[in-house]
Amino acid sequence: MKNNIILTKNPAETKKFAENFSKSLKEGDILCLYGNLGSGKTTFVQGLAKGLGIKKRIFSPTFIIVRSYKIDDRNFYHIDLYRTQAKQDLLGVGIDEILKDNKNIVCVEWAEKLFDLIPRKRMDIKFKYLRNDEREIGIKTYD
Ligand code: ADP
Ligand code: MG
């Protein structure tokens, strides 16, 4: 297990960090994002998407919990489970299949709500509000 902690001083720094971080991603990677509302998860995903060459804007999915973006022959999935309540909600939109397909790069906000669908091989990324525009981002990798 590897553990890295970084601090960012504003949203642009979080996006830049994520943009650089995205260069190390490969097919099949699953990023589990945790942290309170406003801690920076979606901001991080915006940077990731930019780094992966996705031109479309990344929004905070509201009613739709899964959004997919094409990168060449791969797919980037942005999943937000804030509003889901039960595992059944996940199966209903095929999240189990998305996690299984190793052509995908997947990031999941509120990943604790994956329950037992959470894969063993994953990255855990924890966001913490420090003060004003300062955030802590902790990254754990398991293999
Ligand atoms: P989440 O998806 O975790 O709810 P968002 O990324 O949607 O969080 O929102 C984070 C909010 O905090 C945004 O309004 C963003 O501009 C602001 N913010 C301030 N400082 C930072 C920072 N260092 N990193 C990320 N977001 C920050
Ligand atoms: Mg969000």
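In this predicted model, the magnesium ion (ligand 2) is coordinated by Thr-42 through OG1 and by Glu-109 through OE, at 2.1 to 2.2 Å. Donors here are N, O and S atoms within 2.8 Å of the metal (3.2 Å for Na, K and Ca), and since water is not among the atoms, sites may look incomplete. Thr-42 lies in helix 2 (residues 41-51) and Glu-109 in strand 5, so the pair ties together parts that are 67 residues apart in sequence. Helices (H or I, at least four residues) and strands (E, at least two) are DSSP runs, numbered from the N terminus. Both Thr-42 and Glu-109 are buried, where buried means under 20% relative accessible area, exposed over 50%, and partly exposed in between (1.4 Å probe, protein chains only). The model is predicted, with local features needing pLDDT of at least 70 and side-chain atom pairs counting only at pLDDT 80 or more, while totals for chains, interfaces and linings use all residues. Residues are numbered from 1 along each chain as its sequence is written, chains are lettered from A and ligands numbered from 1 in the order in which they are written, and side-chain values use heavy atoms, leaving out hydrogens and water.

An N or O atom in the side chain of Thr-8 is 3.0 Å from a nitrogen atom of ligand 1. Backbone N or O atoms reach oxygen atoms of ligand 1 from Gly-38 at 2.8 Å and from Gly-40 at 3.1 Å. Taken alone, ligand 1 exposes 570 Å², and the protein buries 77% of that; accessible areas come from the Shrake-Rupley method with a 1.4 Å probe, and for residues only the protein chains shown count as cover.

Turning to the aromatic side chains, a search of the whole structure finds six aromatic pairs. The ring centres of Phe-17 and Phe-21 are 6.1 Å apart and the planes meet at 20°, so this pair is stacked. Rings of Phe, Tyr and Trp (its six-membered ring) pair if their centres lie within 6.5 Å; planes under 30 degrees apart count as stacked, over 60 as edge-to-face and the rest as tilted. Phe-17 and Phe-21 are four residues apart in helix 1 (residues 11-22), and are therefore separated by about one helical turn. Phe-17 is partly exposed at 24% relative accessible area, whereas Phe-21 counts as buried at 15%. Together with Phe-44 and Phe-127, Phe-17 and Phe-21 form one aromatic cluster.

Finally, the charged end of Arg-122 sits over the ring of Tyr-142, 4.8 Å from its centre. A charge sits over a ring if NZ of Lys or CZ of Arg is within 6 Å of the ring centre and within 35 degrees of the ring normal. Arg-122 is found in the loop between strand 5 and strand 6 and is buried, with a relative accessible area of 17%.

How values were computed: Polar contact = N/O pair within 3.5 Å; in protein donor to acceptor, adjacent residues only side chain to side chain.
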